[in-house]
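This briefing covers an interface between two chains, followed by selected features within each chain. Please read it alongside the sequence and the model.

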Amino acid sequence: MREGLLGLTGRGRAFLAAGVTAVVCAVVMGQPTLTRVGILLVALPLLTAFLVGRSRYRLALVRTVTPQLVSAGQSATVRLDLTNEGRTPTGLLLLEDQVPYVLGTRPRFVVDVMTLGWQRRMEYVVRSDVRGRFEIGPMTVRVSDPFGLVELGRTFRTTVPLTVTPRTIQLPVVPLAGAWTGSGDNRPRAFASGSAEDVTVREYRHGDDLRRVHWRSSARAGELMVRREEQPWQSRATLFLDNRHDAHRGHGAGSSFEAAISVAASIAVHLSQRGFVVRLVTADGEDPNTVWHDRASSQNTAPLLEALSVVQGARRTHHDATWLSEGGSTGLLVAVLGDLDAHDQPMLRRMLHHGSAPLAIVLDVDAWAGRTSRPTGAVPTVGLLSGMGWRAVGMRPGDSLPALWQELGRRAGSTGPRHAAPVDVAR
Amino acid sequence: MSRRTGQGRALAAAAGLTTWLALLSWSVFVVDPWTYLDVALAGIAVIAGVGIATRRLRLPVAVVVAAQLLGVMLFVNLMWGSTWWPSPASVEQTALALRTAVETSQQYMAPVGSAAPSVAPLMVSGALLLHVLVDALAVTLGRVPVSGLPLLVVYSLPVSIVQEPVSWVVFVLAAAGFLLMLVVQESDRVRHWGRSVDGRTTDRGTGVAGMRHTLLVGSAATALAVAVPVVVPTLDLAVFAGAGPGSRGDGNVELTNPMADLQRDLLRGPDEPLLRVTADQRPTYLRTAALTSYNGNAWSPGNREWEGNEATGDFPPPTGLAPDVPRDHVRWELSSTDKFDSEWLPTSLFVDRLDAGEDWAYDEEVLDVHGDEQDVRADDMSWTLTAMQPRFEFEALTSAPPAPFELDEKYTALPDDLDPLVRQLAEEVTVGLPSRYERAVALQSWFRREFSYSTDVVPGASGDLLVEFLREGGRVGYCEQFAAAMAIMARALDIPSRVAVGFLSPDAVPGQPGEWVFSAWDLHAWPELYFEGAGWVRFEPTPAARAEEVPPYTQGDGAGPAPDPTAGPTTTLPEPQPGPTDTRTLDPGAAPGSDTGAGGGLTWLWWTGLAVALVLALLLVPGAVRRARTAARWHGDDPAEAAWAELRDLAADCGVRWPPGRSPRVTAAVLVKSFAAPAGRHTLPRPATGRLENVEAATALDRIVAAVEQSRYAGDPVLPDTAELREWVELCAEALRGGLTRQARFRAAWLPASVVSWRHVVLPRPTLTRVRSHQDVVDHVG
């Protein structure tokens with residue numbers, strides 16, 4: 001009852017106030033006709049509040065989203081299985097799923113009759129043109145009454161994530177260097193025979209098998225150390241994305257940052273399909289979800305795309321270079337870069353040393369801001385990078401990524417790979 | 001501006017219906033409500049139709065309302081101007097009808113009879129304008145609660161105008177209509193809010209269960225609204241009534257405009273007791289007011305001057321009454337009930353002394369008593385007076401000299417357009433009589449002889465009605481018309497005259513000698529004619545059916561034609577039951593008592609029989625309830641649980657212990673100890689019990705337990721037939737009953753203990769939510 005009274009809507013409160021006023025006036029002035037009206041107005045919200053507040057129901061909801069990972073522009077289906085596990089509730093149930101506005105209108109359902117053991121399946125479709133990770137839910141339940149006098153709100157708790165990955169473009173197969181090269185941990189080493197001290201160890205990294213922990217070294221070093229062991233060789237690639245705020249222009253979906261992410265995603269998918277194990281590195285450093293794993297399947301692009309769908313602009317001026325200092329090769333290095341300035345040159349040089357003839361796609365960020373319209377090929381940073389030894393192409397808003405990728409492949413051919421033969425493992 | 005087009009049809013219909021139902025309350029204004037109800041319904045339909053059409057065209061609100069107002073105009077023009085398209089003539093006709101209606105409403109008191117010029121144009125126009133407001137608020141603007149205000153105006157108008165309470169039936173109907181509007185609008189809103197899960201998005205917003213809830217709340221609230229005001233005390237603080245009486249309560253008998261109210265109170269109202277008089281002799285002819293001027297349409301009190309003549313103390317001597325006329329003095333103590341809502345204070349015809357308090361004042365010339373200020377009412381007060389009763393002599397009156405000039409001029413004034421028939425008749429009736437007084441007596445006799453009394457006629461004394469009344473073939477009427485007609489005819493004969501309104505004769509209060517009661521049906525009107533030397537002399541032209549006696553001084557020798565036979569000396573003694581030909585019983589008080597006395601013996605027998613039947617019926621109730629419960633139980637969707645609940649009730653009926661909170665198996669093990677062979681002719685008084693006594697029933701019980709376990713614990717229960725289960729339960733029942741003594745068996749059958757148990761409900765099988773994969777999480781709310 002108390003709950004029902006607290007849930008009185010504006011209309012319910014107005015009825016109550018008007019009714020009380022009418023009854024008081026009628027009693028004072030002796031108008032039984034008015035008393036009737038007043039009592040009707042008072043009784044209506046009170047009875048409704050009593051009935052709605054008394055209604056005991058227990059709803060169970062199971063929410064499923066298929067698929068949980070969609071590319072921007074694709075749609076996913078949300079399925080709601082609603083069961084009444086309690087008694088028959090009195091009143092209308094207004095269900096509304098809390099869906100981020102990016103995914104479309106919030107689906108609303110009205111349940112007016114809910115018998116014991118009532119079960120329904122409801123489905124709706126969500127679709128986003130913007131990458132990101134979205135929480136679908138929780139569902140709110142409002143119990144209303146047919147007169148609109150009382151409304152009680154309750155909310156389910158569970159949400160289901162939906163990841164919308166950036167749009168990707170199919171890239172043409174071009175000769176790429178770097179296969180079999182990146183193998184920091186993977187390079188087979190002959191163990192010095194017998195001596196445990198000779199075991200090559202490195203720091204424990206997230207994802208390492210606990211069986212590889214070298215306890216003796218760990219005890220000495222004061223932190224977990226793992227043995228480096230022989231592993232099958234993998235073709236590895238590092239995808240570097242410059243996600244610093246200052247390096248990009250524009251806002252929202254039309255910004256150069258989003259374009260860079262789309263480019264990075266296309267390249268990541270392409271490389272994965274060609275058999276590379278790709279890790280993503282941003283200005284914040286290595287992405288923990290995409291570090292090279294021993295048994296990571298190159299075909300699974302989901303972690304990469306998921307990582308790319310949640311990449312945010314970083315508010316920092318310098319790149320985090322720790323991933324370079326760990327030693328070893330970066331494998332095939334592909335960089336998607338924005339605006340570069342003098343601070344970045346040491347970093348770029350270091351990357352050059354770690355990788356083998358790295359590739360770069362440099363976005364002409366000012367063109368996204370709509371400020372300049374230089375002729376093609378005059379992206380200044382391209383020249384700078386080429387001078388350092390990178391193979392780089394510039395990109396403008398209207399440019400076709402496959403064409404640029406082909407161009408990049410041609411440059412790779414012209415400068416010549418360090419290794420004898422570019423291996424094309426794409427099927 | 002909220003405009004939701006295309007959805008307002010149901011709401012518009014509901015709003016129209018509600019307004020029309022609220023209009024039912026206006027039926028107190030007219031005698032025949034169908035004079036306005038049908039037309040109003042058609043008009044409301046027009047407004048709703050125009051609203052629906054214009055809203056569909058998505059016109060702005062102002063245009064919608066304007067179109068509806070135009071519709072009202074055209075409709076009114078069609079109804080009373082009789083053409084579709086307004087022409088100057090039809091507009092004039094309509095305006096005339098409206099003006100007439102306004103005049104009628106001002107002249108007549110509610111309820112207005114069918115013969116009076118119709119008030120329907122006014123009522124219908126008003127109703128339609130109010131409905132335009134209701135429709136605009138509720139449908140066009142989507143503010144249904146606000147539209148309750150104009151509906152309240154419609155509903156409460158009768159209360160504010162005629163102070164008559166609205167019937168609860170009308171209230172229930174109007175409230176139902178308003179609730180319907182709320183529901184329609186709310187279901188509309190909900191339908192637009194989201195889609196229905198059950199797929200019924202288009203036609204109805206609420207389903208059967210929702211409808212049940214709606215009906216429950218709506219009817220409960222309405223029932224409360226009807227019932228509660230009965231016990232709510234109305235304080236009636238009379239905050240705005242000043243010194244006067246405040247309540248405009250129910251059923252008051254009003255005397256504001258004396259003549260106009262007369263017929264209503266006389267005919268329509270209940271026979272309310274109004275005045276109580278304590279006097280030595282039966283007091284007759286209590287005058288409330290005198291109407292001194294006739295304008296061709298009606299008698300009215302004329303211009304009066306009351307100021308300063310406080311009606312407490314000695315009165316001035318009556319106009320024209322010579323001091324030498326012998327007179328009697330009688331003391332009356334009067335008190336009025338709270339139903340007597342009059343601006344005028346009833347007094348005797350000639351007053352010697354009056355003690356009525358300072359609120360009242362008398363008119364110097366007419367000597368009737370009126371409230372000194374506005375809103376002074378004569379209800380619920382008491383006053384005393386000394387009445388003077390002059391004993392007029394027939395001879396003295398016949399020789400009365402002409403009246404003084406001013407008085408003569410004022411009280412013989414007649415409108416110029418008076419129908420010549422009136423004058424002609426007056427002269428025909430009185431031809432050859434020498435004195436004015438004899439002529440007056442002849443007029444009275446003529447009325448009493450040639451006319452008949454009936455209350456089923458049109459009220460009023462306007463020119464046409466007067467002629468209608470006087471012409472051969474007419475000549476049916478009631479006191480108002482007799483008094484008015486005789487006064488007019490007396491004026492035509494140059495006798496100064498006026499009409500008095502008051503009470504005819506009271507009923508004696510049974511068992512209290514000297515107490516008399518005037519009630520609403522005793523209201524009366526009579527003419528008073530002036531004769532120099534005697535003053536204003538009362539006449540009684542109303543036939544004996546109503547007024548049996550004529551004044552004694554009009555019965556003297558040579559009074560022209562013989563007096564009315566029924567008014568002869570044989571009826572000089574007033575009978576306690578006046579008006580036998582009147583269709584209404586004026587004093588129904590004594591009748592019921594004798595009836596009850598006669599039928600006493602039979603009644604006792606009847607009551608005893610009824611009581612016995614009632615006790616028998618009550619004794620049958622528990623068994624019937626028990627059987628109904630069983631029948632209902634088997635209709636549920638879980639037969640195993642039904643069987644289990646039935647067993648539990650059986651155990652309760654038979655007084656067998658049912659272990660609480662145990663598993664079915666343990667319970668069955670306990671239960672089976674009470675099993676015995678089915679009761680028969682050779683059953684011992686205390687039969688042996690146990691599993692082995694009735695193996696068949698024990699097996700059945702085991703099967704029931706198995707079914708219950710299946711139902712409760714199996715993921716996909718396999719249940720036996722309901723028929724099979726019933727059979728098993730029946731076996732168990734017989735086994736249980738077999739173990740009882742004869743009395744206990746009888747008790748189990750007719751006064752089953754399980755009826756008073758609260759645990760008779762079949763527990764529903766809990767609904768389980770099944771998940772499809774390990775990722776799915778079941779979320780709960782409630």
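Two strands are taken to pair if DSSP finds at least two bridges between them. Helices (H or I, at least four residues) and strands (E, at least two) are DSSP runs, numbered from the N terminus. The model is predicted, so that local features need pLDDT of at least 70 and side-chain atom pairs count only at pLDDT 80 or more, while totals for chains, interfaces and linings use all residues. Residues are numbered from 1 along each chain as its sequence is written, chains are lettered from A and ligands numbered from 1 in the order in which they are written, and side-chain values use heavy atoms, with hydrogens and water left out.

**Strand pairing within chain B**

- Strand E3 (residues 273-278) of chain B is joined to strand E19 (residues 515-519) of chain B by five bridges, and the two run antiparallel.
- Within this pairing, B:Pro273 has B:Ser519 in E19(B) as its bridge partner.
- E3(B) also pairs with strand E8 (residues 327-336) of chain B, in the antiparallel sense and over four bridges.
- There, B:Ser335 in E8(B) stands opposite B:Arg276.

**Interface of chain B and chain A**

- Contact (heavy atoms within 4.5 Å) links 65 residues of chain B with 69 residues of chain A.
- The two chains bury about 5,700 Å² between them, 65% of it on carbon and sulfur atoms; buried area is the accessible area (1.4 Å probe) that two parts lose on being put together, summed over both.
- On the chain B side, the most area is lost to chain A by B:Trp193, B:Asp779 and B:Val781, together 15% of what that side buries.
- Two salt bridges (a side-chain nitrogen of Lys or Arg within 4 Å of a carboxyl oxygen of Asp or Glu) are found across the interface.
- A salt bridge joins the side chains of A:Glu151 and B:Arg189, at 3.8 Å from N to O.
- Elements of chain B that give two or more residues to the side touching chain A include helix H6 (144-162), helix H7 (168-193) and strand E22 (778-781).
- H8(B) gives the most to that side, with 16 residues.
- The pairing of strands also crosses between the chains: strand E1 (residues 59-66) of chain A and E22(B) run antiparallel and are joined by four bridges.
- In this pairing A:Leu61 stands opposite B:Asp779.

**Chain A overall**

- Chain A has eleven helices and 18 strands.
- Of its 427 residues, 54% count as buried, the term meaning under 20% relative accessible area (1.4 Å probe, protein chains only), with exposed over 50% and partly exposed in between.
- Among contacts in chain A with a separation of 6 or more, 73% are between residues 24 or more positions apart.

- B:Asp653 lies in helix H18 (residues 639-654) of chain B and counts as buried because its relative accessibility is 11%.
- Leaving aside neighbours within four places in sequence, B:Asp653 is in contact with several residues, among them B:Arg626, B:Ala748 and B:Ser754.
- The side chains of B:Asp653 and B:Ser754 make a polar contact at 2.7 Å.
- B:Glu709 is found in helix H20 (residues 695-713) of chain B and is also classed as buried, at 19% relative accessibility.
- Apart from neighbours within four places in sequence, B:Glu709 is in contact with B:Pro664, B:Arg665 and B:Ala714.
- A polar contact is a pair of N or O atoms within 3.5 Å; within protein, one must be able to donate a hydrogen and the other to accept it, and residues adjacent in sequence count only if both atoms are side-chain atoms.
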